[in-house]
Amino acid sequence: MISSIRKKILEVLEKDARLTPREAAILLSEDENLVAGEIAAMEAEGIILGYKTIVNPERVRDDKVACLIEVSVQPERGHGFDKIAERIYRFPEVRSVYLVSGGYDLLIVIEGQSLREIADFVIEKLSVLPNVRSTASHFLLKKYKELGTILVESDGQERIPVSP
Amino acid sequence: MKVSTLPQTQSRKPRVNQTVADLPPSGIRRFFDLVVSRQGVISLGVGEPDFVTPWHICEAGIHSLESGRTSYTSNSGLLALREEIAQYLEATTGNRYDPVKEILITVGASEAVDLIFRTLLEPGDEVIVIDPSFVAYPALVTLAGGIPVRIATRPEYGFAPRREDLDRAVSPRTRALMLNYPNNPTGAALSRDQIEEIADFVTRNDLILISDEIYLPLTYEGDPISFASLPAVRNHLVLLHGFSKAWAMTGWRLGFAAGPPDLIAAMTKIHQYAIMCPPTMAQHAAVEALKNGHKEVESMRLEYDRRRRFISHHLNRMGLTCMIPQGAFYVFPSIQSTGLSSQEFAERLLDEYNVAVVPGTAFGECGEGYIRCSYATSLDALREALRRIEAFVTDHRSTTGETNPPPFREP
């Protein structure tokens, strides 16, 4: 079980990773050294893995192609799905790998520079893995929301700037 | 085509009645006009949440439209909503209000403020109103023919009314005491002792206590205490509440009053002639808000709580001393160290650094020497606004020859 102070620190950092330990300490009414220590410890323990920027791909228009691939695999005695999942997630072009319940086993998200690149991956790297039984690829057409952040432009709400 | 702005016929009598003509324009209005004429303003002047209404509540409103629920409801509001309110009050105060006779749904808590004054007051009757306080109370007392009697609340006493000031303000014409805790603009909340003291004052003097508790769910220290949790004051209490603040539903315009059956019946009489009923769509959304909105209210409260610590920490550090707010989403720092009046401070800060705050005097004479900063604004905006306020304060300290506070370091 993660301690309550760590939970609170993670909550504020997940909203804004740029917060300094001092700012986080003010927000949480905690001691600055304590917060700095907990953050350092969580980094060391692998609880905090890194800090990233959330970029809106709809605005960058880098022409990357993304694809969701459903993969049915043959699990292995003693390893279950872990070994085959590892053989897939080691590829750097693979962004995410999930083991899911339902009609297939692994859901993977892959990103490439072109449709050709993704086709090559599926044909030459993924389908040929010994435990892969079948794949179904879905090219991503538009991202509406990612990691809790809505990506599409909205008029937003205009609050009147001064109100009683 | 030239359009004449003059009345067509010259009458001897002015067209606008004297009470309205004499009503001072809201101090906020004047400032608002200044702010909207500028670009790139960071506003800490907003008296409403920066959150959008939680989506499941919006969905309930949309669903009510899709289902064709577009007609009037009963004058008092949907019974289903009044029942939810009764349950909410029972859960938060321990006391049961009868959804049929003791609860009225209104167009915002503001309508309920207007209704109760019109219900209670004969011409010349007095209502004790704390100073500083929300701009509408004294104006609506006056419009109802009453006289607002202001009593000062000060930071030394946690911006709560003192018993001796209340005793001094009461006269044979006093009908009611108007309170609003957690308070706009000071962020003050009342302790259990203070609430009991006020309840005692009200019952002893046989007054009506009008308690606007719209910010009560946004209490940050200790449990929120409603006047409705004191059975002794029940027959003297008109509780006002609404969905605008805690449920982030300002634009839906929905509030309610809970109180003794005779007063609620009288308020309902005025309401049925003036308003008919509150908006139907908003009422359906509010049912959902009370049934399933607790989690979102709590997560918004948590977010305000963190910003509250952030803004009051930095204001105090830069010498704009303030009481740490205990509720609502305002902080009310003293600007006396700058030597400027509230109005000057707010206008120059806007002019020189493009930050909007509301001069304390908009909330009454006792607001002189203070400004109201709302922290219903993103942390990023608060950070930048505080940086600018600090630069402004530093400029004005050095011109008045006082010692400079340490420079603002991005922590």
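Q: Why is helix 1 of chain A called roughly perpendicular to helix 3 of chain A?
A: In this predicted model, helix 1 (residues 4–15) and helix 3 (residues 32–44) of chain A pack at about 85 degrees, with axes 10 Å apart. Axes are lines fitted to C-alpha atoms, for helices over the stretch in contact, and angles run from 0 to 180 degrees between N-to-C directions. Angles under 35 degrees are roughly parallel, over 145 roughly antiparallel, 65 to 115 roughly perpendicular, and the rest oblique. So helix 1 of chain A counts as roughly perpendicular to helix 3 of chain A.

Q: How do you know which residues make helix 1 of chain A meet helix 3 of chain A?
A: Contact is called when the C-beta atoms of two residues, placed from the backbone, lie within 7 Å. That picks out Ile5(A), Arg6(A) and Ile9(A) on helix 1 of chain A, against Val35(A), Glu38(A), Ile39(A) and Met42(A) on helix 3 of chain A. By class, this contact has five nonpolar, no polar and two charged residues. (Ala, Val, Leu, Ile, Met, Phe, Trp, Tyr, Cys and Pro count as nonpolar, Asp, Glu, Lys and Arg as charged, the others, Gly among them, as polar.)

Q: What makes helix 3 of chain B oblique to helix 10 of chain B?
A: The axes of helix 3 (residues 55–66) and helix 10 (residues 280–292) of chain B come within 8 Å and cross at roughly 140 degrees. That angle makes helix 3 of chain B oblique to helix 10 of chain B. The crossing is right-handed. (Handedness is left if the near helix is turned anticlockwise from the far one by less than a right angle, right if clockwise.) Residues in the contact include His56(B), Ala60(B) and Leu65(B) of helix 3 and Met281(B), Val287(B) and Asn292(B) of helix 10. The contact of these two helices splits into nine nonpolar, six polar and one charged residues.

Q: What makes up the two domains of chain B, and how do they meet?
A: The bounds come from an automatic or database domain assignment, which gives domain 1 (18–52 + 296–399) and domain 2 (55–292) of chain B. The C-alpha centres of these two domains of chain B lie 25 Å apart. Across the boundary, 32 residues of domain 1 are in contact with 32 of domain 2. Helix 11 of chain B gives the most to the domain 1 side, with six residues. That side has 18 nonpolar, eight polar and six charged residues.

Q: What does the assignment give for chain A?
A: Chain A has domain 1 (4–44) and domain 2 (57–141), with C-alpha centres 35 Å apart.

Q: Which element of chain B gives the largest share of the side that touches chain A?
A: 23 residues of chain B are in contact with 15 of chain A. Helix 2 (27–36) and helix 11 (294–317) of chain B each give two or more residues to this side, and helix 2 has the largest share, five residues. (Helices, H or I with at least four residues, and strands, E with at least two, are DSSP runs numbered from the N terminus.) The chain B side divides into 15 nonpolar, five polar and three charged residues.

Q: How do you know how confident the predictor is about chain B?
A: pLDDT, the predictor's confidence in each residue, runs from 0 to 100. Chain B has a mean of 93, and 94% of its residues reach 70 or more. Over residues 401–411 of chain B, though, the pLDDT is below 50.

Q: Which pLDDT values and numbering apply here?
A: Local features need a pLDDT of at least 70 and side-chain atom pairs 80 or more, while totals for chains, interfaces and linings use all residues. Residues are numbered from 1 along each chain as its sequence is written, with chains lettered from A and ligands numbered from 1 in written order.
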